[in-house]
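Here is a short briefing for a reader new to this structure. Keep the sequence and the 3D view side by side while reading.

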Amino acid sequence: MALLGFVTSWGFATLPCDPELFPAHVPLHQGTPAKTTAMNIDRTEFIAWMERIMQRFDLLGENMRKQQDSRGSIDGEELLDNQDVMQLLKVSSRSLQRYRSAGRLPYYTISGKLYYKLTDVHQFIRESLSGAGRRKDAE
């Protein structure tokens, strides 16, 4: 990883950098921050570099959003895996297995992994809450 060292108004700064991010004419120094030599840059060049860095962050953010959006869906509905459902319902993996075996919670197997539609999980919660109310009424 290349390190970019420069002097700013607040002192010496070192940034890890991608060589593709900066023009080839900018000397990049190899080594640890202690071995990096300072280079003076003017304010406009510094601002241009920071803008490039921010553009890279924006690209990374867009890519992360795209991955989250395409995370998993069936018929346009979000899919949750076992871990998501266990955290949402605050139950153990064994309880979740019981709900599946009893047919109370529909699931899908995709490439050997279990998934649940978010709407099915919400329906399960509603049914569980209404069932708990009926039991209390019966007592």
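Along the sequence, the protein chain runs β-β-α-β-β-α-α-β-β-α. That pattern is made of four helices and six strands. The model is predicted.

**Whole chain**
- The protein chain has 139 residues, and 27% of them count as buried.
- Its accessible surface comes to about 10100 Å². Carbon and sulfur atoms account for 53% of that surface.
- Take the contacts in the protein chain between residues at least 6 apart in sequence: 50% of them join residues at least 24 apart.

- Which residues make the nonpolar surface patch of about 320 Å²? M54, F57 and L60 make it.
- Is M54 buried, partly exposed or exposed? M54 has 46% relative accessibility, so this residue counts as partly exposed. The partly exposed class lies between the buried limit of under 20% and the exposed limit of over 50%.

**Helix α2 and Q83**
- Helix α2 spans residues 82-89 and includes Q83.
- Q83 counts as partly exposed because its relative accessibility is 44%.
- Q83 and L114 are 31 residues apart along the chain. In the model, 9.9 Å separates their C-alpha atoms.

Note on methods:
Residues are numbered from 1 along each chain as its sequence is written. This is a predicted model: local features need pLDDT of at least 70, side-chain atom pairs count only at pLDDT 80 or more; totals for chains, interfaces and linings use all residues. Side-chain values use heavy atoms; hydrogens and water are left out. Helices (H or I, at least four residues) and strands (E, at least two) are DSSP runs, numbered from the N terminus. Buried means under 20% relative accessible area, exposed over 50%, partly exposed in between (1.4 Å probe, protein chains only). Contact means heavy atoms within 4.5 Å. Accessible areas come from the Shrake-Rupley method with a 1.4 Å probe; for residues, only the protein chains shown count as cover. Patches are made of residues with over 30% relative accessible area and no salt bridge: like charges are joined within 9 Å, nonpolar side chains (Val, Leu, Ile, Met, Phe, Trp, Tyr) within 5 Å. A salt bridge is a side-chain nitrogen of Lys or Arg within 4 Å of a carboxyl oxygen of Asp or Glu.
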